[in-house]
Structures are given as C-alpha cells and as structure tokens.
Amino acid sequence: MSSRISKDWIVKKPAVTSSKGIVCAQSGVAAEIGANILDQGGNAIDAAIATSFALGAAEPWMSGIGGGGYMIIRKAGEDEAKVIDFGMKSPMKLDPNDYPLSVGQGGDLFSWPRVKDDANLKGAKSVAIPGQVSGMGLAHRTFGSLPWEELVNPAVNLASEGLPVDWYCQLMLSGAASEIADCPMMRKTFFNEQGFPKSSAWTALGNVKCDLNGLARTLDIISREGSDSFYKGDLANSIVKDLQEQGGRHSEDDFSNYRARIQDANK
C-alpha cells in the first residue's frame with residue numbers, strides 16, 4: 001500500500017463578524033488596535049489612523065511614519081469620494097546627478113533602470129519627505145471623531161514593547177541584511193551582538209525582540225504635540241540633521257512646507 005505526502009496547503013480561517021465594522025491589515029496586531037478603536041466609539045477613519053501608526057511598529061520594513069500614500073473616503077449617504085494625497089516628495093535641492101544610471105534593472109521590486117550604487121534605494125539620498133503623519137493629521141481634522149492622542153498612543157505602546165522576531169520578521173531582516181549593515185542605527189536595532197540579523201523569537205534566553213524605543217519616543221511626541229510636530233520644531237530638525245550628516249540634500253524647509261492635500265476623487 002503506497003502513501004504520498006500532499007504538497008497542497010489548506011488554510012482555514014474563522015469567519016469574522018462585527019456590529020461596528022471590520023479592520024483589515026497584514027498585521028493582526030495592528031488590525032486589532034484599529035478594531036479596538038471602533039469598540040471605543042471611533043469611526044472608520046479613526047480606526048484607519050490608529051491602524052496606520054500601529055503598522056509602523058508591527059511591520060517597520062513595510063509601513064510607518066517614513067512613508068506616504070493615499071486614503072480614499074466615501075461617507076455614507078454621499079455619492080462622491082474624497083482622496084487624501086499624502087505621497088512623498090523629493091527634497092527641493094535634489095540633484096539628478098546624484099543618481100547616474102548603471103547597467104541592468106534596479107535591485108528592488110520595480111523594473112526601472114539600475115542606478116549606480118543603488119543610490120535611489122539605499123542611504124539618505126534615497127529618502128523622500130514623508131507624508132504619512134501629515135496625511136493622518138489631515139484625515140483626523142477632517143473626518144475623525146476621537147481625540148488624536150487616543151489614536152496614536154496604541155502605536156506608542158506597541159513600539160515600547162519591542163518588535164518580536166518571529167519567523168517572518170527574521171525572513172525580512174535577513175533579506176535586508178546588506179542594507180541594514182550600512183546604517184549604524186539600523187544595525188543596533190535589528191542585528192545581534194555578533195553582527196547578524198536577530199533570529200528566532202524563542203530561545204533559551206526568552207523572547208527575542210528588536211528595541212523600538214526610538215520609534216516609541218518619536219510617536220509619543222507626535223501623539224502629544226500633533227502631526228505638525230513631525231514637520232516643524234525639534235523633532236523635524238533632528239530628522240533633517242541626521243539625513244544631512246548621511247549625505248542627504250534635505251532641508252528644514254522641505255519638512256515645514258510639506259502639506260497633505262484633500263480633493264474630490266473624480267478630479
């Protein structure tokens with residue numbers, strides 16, 4: 001009698017029901033934070049804002065206050081949707097000569113031409129002016145209902161707890177090891193004392209985590225002082241200083257002049 005091992009995966013998930021709404025995100029932890037906001041009486045925009053900030057602590061390789069994007073909103077009873085544009089912007093002093101083309105395609109997910117030394121992918125010259133914080137601030141002022149601090153504080157707490165190095169986190173850190181190795185602060189955060197990406201969430205020493213207290217402190221400032229604190233004042237100035245020291249062409253004006261925008265979706 002012969003037997004064989006099936007190569008098929010069968011993934012089952014229980015159905016999710018709710019009387020107040022459902023939050024979907026790649027990170028279950030971040031989605032739960034958004035769902036808790038709904039339970040506390042927040043609306044869908046409140047939940048989206050809380051989830052967005054939480055994602056930065058739950059999956060820092062993909063999301064967070066260093067990025068940007070778009071939010072599409074259509075309120076019940078209205079025919080037209082609104083779009084909040086919080087895409088990233090290049091520094092005003094950006095110099096195209098910093099990005100000479102090389103041979104072949106780029107070394108990331110996109111198929112654009114390769115740039116010498118991957119200057120568009122690594123280092124300070126690859127960093128645009130982030131829009132996420134401004135976008136969430138505009139969304140809150142326009143459509144939010146709960147206090148701003150209540151939406152950001154869960155992310156502060158999540159970052160303070162540290163990032164557990166589970167199998168997926170270990171995979172992401174290993175895949176980005178060459179980029180992490182080039183940055184002292186990233187090495188300190190995501191590498192172990194032997195100079196390798198942190199690995200295995202459970203060891204004889206207990207749960208392995210990446211220290212995200214720096215992110216927690218930044219989020220705490222944003223929570224207490226509002227979204228503008230990311231673009232003006234001490235926090236913004238410290239970000240610009242770090243970027244300039246690493247060769248970036250960013251200025252304080254780049255940050256202070258950034259504005260997320262809202263417009264009709266059909267325009």
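Three strands make an open sheet in the order β1-β2-β9, with antiparallel pairing. Its edge strands are β1 and β9 (261-264), each of which pairs on one side only. Direction ignored, neighbouring strands of this sheet are turned by 20 degrees against each other on average; axes here are lines fitted to C-alpha atoms, for helices over the stretch in contact, and angles run from 0 to 180 degrees between N-to-C directions. Two strands count as paired if DSSP finds at least two bridges between them. The model is predicted: local features need pLDDT of at least 70, side-chain atom pairs count only at pLDDT 80 or more, and totals for chains, interfaces and linings use all residues. Residues are numbered from 1 along each chain as its sequence is written, and side-chain values use heavy atoms, with hydrogens and water left out.

**Overall chain**

- The chain has ten helices and nine strands, where helices (H or I, at least four residues) and strands (E, at least two) are DSSP runs numbered from the N terminus.
- The C-alpha trace of the chain spans about 70 × 50 × 40 Å along its principal axes.
- Of the 267 residues in the chain, 39% are buried; buried means under 20% relative accessible area, exposed over 50%, and partly exposed in between (1.4 Å probe, protein chains only).

**Strands and their partners**

- Strand β1 covers residues 69-73 and is joined by five bridges to strand β2 (residues 82-86), the two running antiparallel.
- Within this pair, Gly 69 stands opposite Phe 86 in β2, and Met 71 stands opposite Ile 84 in β2.
- The covered face of β1 carries Gly 69, Met 71 and Ile 73, while Tyr 70 and Ile 72 are on the uncovered face.
- In a regular strand, side chains alternate between the two faces of the sheet.
- Strand β3 (residues 101-105) lies largely in the open, because the number buried among its five residues is zero.
- β3 pairs with strand β4 (residues 113-115) in the antiparallel sense, over two bridges.
- In that pair, Gln 105 stands opposite Pro 113 in β4.

**Second largest pocket**

- The second largest pocket has a volume of about 400 Å³.
- On a 1 Å grid over the protein atoms alone, a pocket is an open set of points with protein on both sides within 12 Å along at least five of seven lines, whereas a cavity is a set where a 1.4 Å probe fits but cannot get out; lining residues have an atom within 4 Å of a point.
- Grid points are joined across faces, edges and corners, and a volume is the space filled by probe spheres set on the points.
- This pocket is lined by 17 residues, and those nearest its centre are Ser 27, Val 29, Ala 58, Leu 163 and Asp 166.
- At least two lining residues come from each of α1 (28-39), α2 (44-58), α4 (148-161), β5 (163-164) and α5 (167-175).
- The lining consists of nine nonpolar, four polar and four charged residues; Ala, Val, Leu, Ile, Met, Phe, Trp, Tyr, Cys and Pro count as nonpolar, Asp, Glu, Lys and Arg as charged, and the others, Gly among them, as polar.
- Ala 58 is found in helix α2 and is buried, with a relative accessible area of 17%.
- Ala 58 and Ser 256 are 198 residues apart in sequence and 28 Å apart in space, C-alpha to C-alpha.

**Cavity**

- One cavity of 30 Å³ or more turns up in a search of the whole structure.
- The largest cavity holds about 50 Å³ of space.
- Its lining includes Pro 91, Leu 94, Tyr 99, Arg 249 and His 250.
- By class, that lining has five nonpolar, one polar and four charged residues.

**Cysteines**

- Zero disulfides are found in a search of the whole structure, a disulfide being a pair of cysteine sulfur atoms within 2.5 Å.
- The sulfur of Cys 210 is too far from its closest cysteine sulfur for a bond, because that sulfur, in Cys 169, is 5.0 Å away.
- Cys 169 counts as buried at 1% relative accessibility, and Cys 210 counts as buried at 1% as well.

**Val 156**

- Val 156 is found in helix α4 and counts as buried, at 9% relative accessibility.
- Val 156 and Ile 222 are 66 residues apart in sequence, with 9.6 Å between their C-alpha atoms.
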